[in-house]
Amino acid sequence: SFLCRYFRWWYKKTRIEKKSAFIDLLCAVPLQQIYGCPLGGIGGGTITRGWRGEFCRWQLNPGIYHYETVIANQFTVCLRCKGQTVYQQVLSVETPSTLQGWNWGYCGHYAFYHALYPRAWMVYELPGQNVVLTCRQVSPVIPHDYKDSSLPVGVFIWEVENGRDEDVDISIMFSLQNGTGTKEDRSGGHWNEPFAFEKEGERVAGVLLHHCTRVNPFTLAISAREKAGTGVTHLMAFNPAGSGREVWQDLLQDGRLDSPSGKSIPTEKGEVTAAAVCASCRVPARGHRTLELALAWDMPRVHFGSKEKLHLSRRYTRFFGSGGDAAPALSHHALTHYEEWERKIEAWQKPILENSQLPSWYKSALFNELYFVTDGGTIWVELPPDCCAEDLQGPAGAGLSHLLPVLREYGRFAYLEGQEYRMYNTYDVHFYASFALVMLWPKRQISLQYDIAVTVVNEDVQPRQYLMCGQTAQVKLKNVVPHDVGDPGDEPWQRVNAYLMHDTADWKDLNLKFVLQVYRDYDLTHDSLYLRDMWPVCQAVMESELKFDTDNDGLIENGGFADQTYDAWVVNGASAYCGGLWLAAVCMMCKMAEVLGDVEIQQKYTDILKKGKEAFERMLWNGKYYNYDSSGSDTSSSIMSDQCAGQWFLGACGLDQGQFEV
């Protein structure tokens, strides 16, 4: 049975090969409804904060998640009046077993959180102090921007409102552990050092935390912006597993940190280290001031799980270098450009937020669900400088004339089906999510499509067993769209189709979804070079799809198993979902042929469309809606909400009426 086959495969993978399963049905990550807005741009890794301010989810190694709340990662406020500290508090509701020399247990009643991705706001009304702190968290996720949107940074802008009749001195301390809360933090050899970076009259200072692992080493940077009236101090190293009393007393004494120079001693095996940066200013009576802090991380070169190939550079290295020393410049850039980012974010979001015709749940979904574009295990890498067209086209020679220029200019982009469904660019569901890419970063959608097109024309003849049916078949057939471009735990792009539940060569929807996206992309971008490159690939996948029209009535038939994206639902004969996608793809073939002046192909698909439309109505329309399928089974007359997916794509391209109406 499937369960026996899955267990045997799972045991071999996790217990013998010591690798993680691409879908782990036996050790699922427990649901915790704690997550808030993630930090970071696109493709450089993400660090997620919870809605209570904790740093609780980490994805620095591409596609691989760690769910660890690192308790040392905190913001602490120190309030001083007339030279005396009157209030000092970690802005966290936690009461941990470590760092017990710190004042924990902030009352959550006095704190508020809201998020509108890529920004979040945390408001702290300091009890009994008549002072309100608002921390605004900003990440560079900006439509149509292919530079700053790639940066692995987050900025924290602290607005301080003083409701007192006297001046107050305020300090915000940002502490951070060297690492991500995993056992690697104790592997030894990690060290910290202070830095200052000045450019064009703007100065930023902080601490670099060098995390020196054998595979995928990285540097974290915490920093603050120095300006008139704002002092920045630091603590280079402290033990986050101890009481932390020396850090607390240092801040308590004068609202500043000691600022030692030099480098810390590398940690011994078993030791952990952390650092802190502190920004301080005076806030006049009834006045307000701003303190600006940042977190940056720099893991420029990455190995995926197989460790076979070093991917030389993530996208941001095009602008900041791949030497592993970019964190100071990244911090400076973030702290001096976040205001510009916010202007662009507001210009993008405002028309939608102010549109009274749209319901609030829809506005929230549009923006807050977009977090997945960065936090979907996302990777965005540059091509190697010595890469040539032949390297990319594969053994079959894809013949895509603009493949190299597109990937050279915009890099390679991939994101997971889900954080626990570890497959990159899962194509049957990217079909739905692709609107976010093509409308906000169209060049990334085009680049992704070129990657898919290359895999279409190539094959992988390696045999393997599929877990649902138990049959053996080759990994990838020629002229068939892949299910995905691989598992980050293996070697994506090089080994595609990580999904081994079903043999997706027999799925009915993948090829159609490629054709639908090609025309939709062209309709939105007017990129005729892209359309010309993709046209032969569209013809090849449609030719391959035609074999599923077994009775030559112009409509494809499903095969009596779960042969489409709804991979636990059996479909037999003509179906509303796949049939609708098929007719929409045929319609778009007619339209593309017309645009490209290919009269012969246009006629061929016009004839198929005429027959197919008649068959679709005859076999599936029941007078009220289209039946799930034509098999006559118990589920046959179900209403499938997604039966209009093909029609939806046609509508998005203005092809849902007149001569093109399907």
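Predicted model: local features only at pLDDT ≥ 70, side-chain atom pairs only at ≥ 80, totals over all residues.
User: Hi, I'm new to this one. Over residues 36-341, how much of the chain is helix and how much is strand?
Analyst: Over residues 36-341 the chain is 9% helix and 43% strand.

User: OK, domains next. Which ones does the domain assignment give?
Analyst: Domain 1 runs over 38-311, domain 2 over 382-505 and domain 3 over 507-661.

User: How far apart are the centres of domain 2 and domain 3?
Analyst: Taken over C-alpha atoms, the centres are 22 Å apart. Where these two domains touch, domain 2 brings 35 residues and domain 3 brings 34 residues.

User: How much area gets buried there?
Analyst: Between domain 2 and domain 3 it's about 2,800 Å², and carbon and sulfur atoms give 64% of that. On the domain 2 side, Phe431, Tyr432 and Phe435 supply 23% of the area buried against domain 3, more than any other three residues.

User: How many salt bridges and polar contacts cross that interface?
Analyst: For salt bridges, the count across the interface of domain 2 and domain 3 is 0. Polar contacts are another story: 18 residue pairs, with both partners at pLDDT 80 or more.

User: Which elements of domain 2 give two or more residues to that side?
Analyst: Helix H9 (427-440) and helix H10 (442-457) do. H9 gives the most, with 10 residues. By class, the side of domain 2 that touches domain 3 has 21 nonpolar, 11 polar and 3 charged residues.

User: Back to salt bridges. How many are there in the whole structure?
Analyst: A search of the whole structure turns up 31. One of them joins the side chains of glutamate 226 and arginine 203, at 2.7 Å from N to O. That pair links distant parts of the chain, 23 residues apart: glutamate 226 is in strand S13 (residues 218-226) and arginine 203 is in strand S12 (residues 202-211).

User: Now the backbone. Is the peptide bond from tyrosine 117 to proline 118 cis or trans?
Analyst: Cis, with omega near 10 degrees. Proline 118 is in the loop between strand S6 (111-116) and strand S7 (119-126).

User: And arginine 286, is its phi positive or negative?
Analyst: Positive, about 55 degrees, although arginine 286 is not a glycine. Arginine 286 sits in the loop between strand S15 (274-283) and strand S16 (288-298).

User: Why bring up those two spots?
Analyst: Because most residues other than glycine have a negative phi, and most peptide bonds are trans.

User: Last one: where is aspartate 527?
Analyst: Aspartate 527 is in the loop between helix H11 (510-525) and helix H12 (528-545). The side chain of aspartate 527 reaches the backbone nitrogen of leucine 529 at 3.3 Å.

User: What does aspartate 527 contact, leaving aside neighbours within four places in sequence?
Analyst: Lys443, Ile446 and Tyr522.

User: And how far is aspartate 527 from serine 306?
Analyst: The two are 36 Å apart in space, C-alpha to C-alpha, and 221 residues apart in sequence.

Terms used: Residues numbered from 1 in each chain as written. Heavy atoms only, no water. Domains from an automatic or database assignment. Contact = heavy atoms within 4.5 Å. Buried area = accessible area lost by both parts, 1.4 Å probe. Salt bridge = Lys/Arg side-chain N within 4 Å of Asp/Glu carboxyl O. Polar contact = N/O pair within 3.5 Å; in protein donor to acceptor, adjacent residues only side chain to side chain. Helix = DSSP H or I, 4+ residues; strand = E, 2+ residues; numbered from the N terminus. Nonpolar A, V, L, I, M, F, W, Y, C, P; charged D, E, K, R; others polar.
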